[in-house]
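Hi,

Here is the structure I promised to pass along.

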Amino acid sequence: RDALTHLRHVPGVLRSSATDRSLRPLPGLDQIHTLIRRAREDGQQIEFSIHGEPDTVFAGVDLITYRIIEEALNSSAQRTATPIAVALRFTADNLEVELSAAGPTTREWPTPTMRERVALCAGQLSVAFTDDDTSRMTIQLPRGLQAAFA
């Protein structure tokens with residue numbers, strides 16, 4: 001009886017027009033274009049590119065990639081007119097995320113949260129600074145499940 005009672009509530013939840021965040025699917029690579037579009041609508045100058053075949057990526061890596069890019073775009077450093085370049089490179093084993101922008105405030109990259117997210121899936125992170133205050137952060141994340149938990 002309890003199971004039937006719970007099943008009766010399912011259609012109501014599915015039909016609900018409420019936008020409860022807990023019921024939404026987690027974001028991932030399939031929503032990167034929407035994230036970029038929203039940032040551009042907010043006035044950010046973003047150059048976005050994808051290299052390679054965006055094939056299957058482990059779900060955790062999918063979410064981590066989205067969150068890192070989201071954090072970079074939402075950081076106080078990027079609320080200025082400073083252009084930012086976002087590049088995704090898909091190789092056989094890795095997904096590489098490259099973020100670059102000019103300005104002294106990008107020297108805060110990577111944030112502790114970004115470092116934690118990369119470490120969660122045994123990824124690699126490197127940052128390079130140039131003389132013209134350009135910061136380039138490169139993150140390599142494993143595409144497969146075994147590599148992510150190595």
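**Salt bridges**

Arg-89, Glu-96, Glu-98 and Arg-136 are joined up in a network of salt bridges. Bear in mind that this is a predicted model. Searching the whole structure turns up 6 salt bridges, and here are some of them in detail.

As for solvent, Glu-98 counts as buried, with 17% relative accessibility, while Arg-136 is partly exposed at 38%.

Two other pairs sit inside helices. In helix α2 (residues 32-41), Arg-37 and Glu-41 are 4 residues apart, which means about one helical turn lies between them. Their side chains meet in a salt bridge at 3.1 Å, N to O. Arg-37 is partly exposed, with a relative accessible area of 42%; Glu-41 is exposed, at 56%, given that the cut-off for exposed is over 50%.

Helix α3 (residues 59-74) holds Arg-67 and Glu-70, 3 residues apart and again separated by about one helical turn. The salt bridge between their side chains comes out at 2.9 Å, N to O. Arg-67 is partly exposed, its relative accessible area being 23%.

Cheers

Technical notes. Residues are numbered from 1 along each chain as its sequence is written. This is a predicted model: local features need pLDDT of at least 70, side-chain atom pairs count only at pLDDT 80 or more; totals for chains, interfaces and linings use all residues. Side-chain values use heavy atoms; hydrogens and water are left out. A salt bridge is a side-chain nitrogen of Lys or Arg within 4 Å of a carboxyl oxygen of Asp or Glu. Buried means under 20% relative accessible area, exposed over 50%, partly exposed in between (1.4 Å probe, protein chains only).
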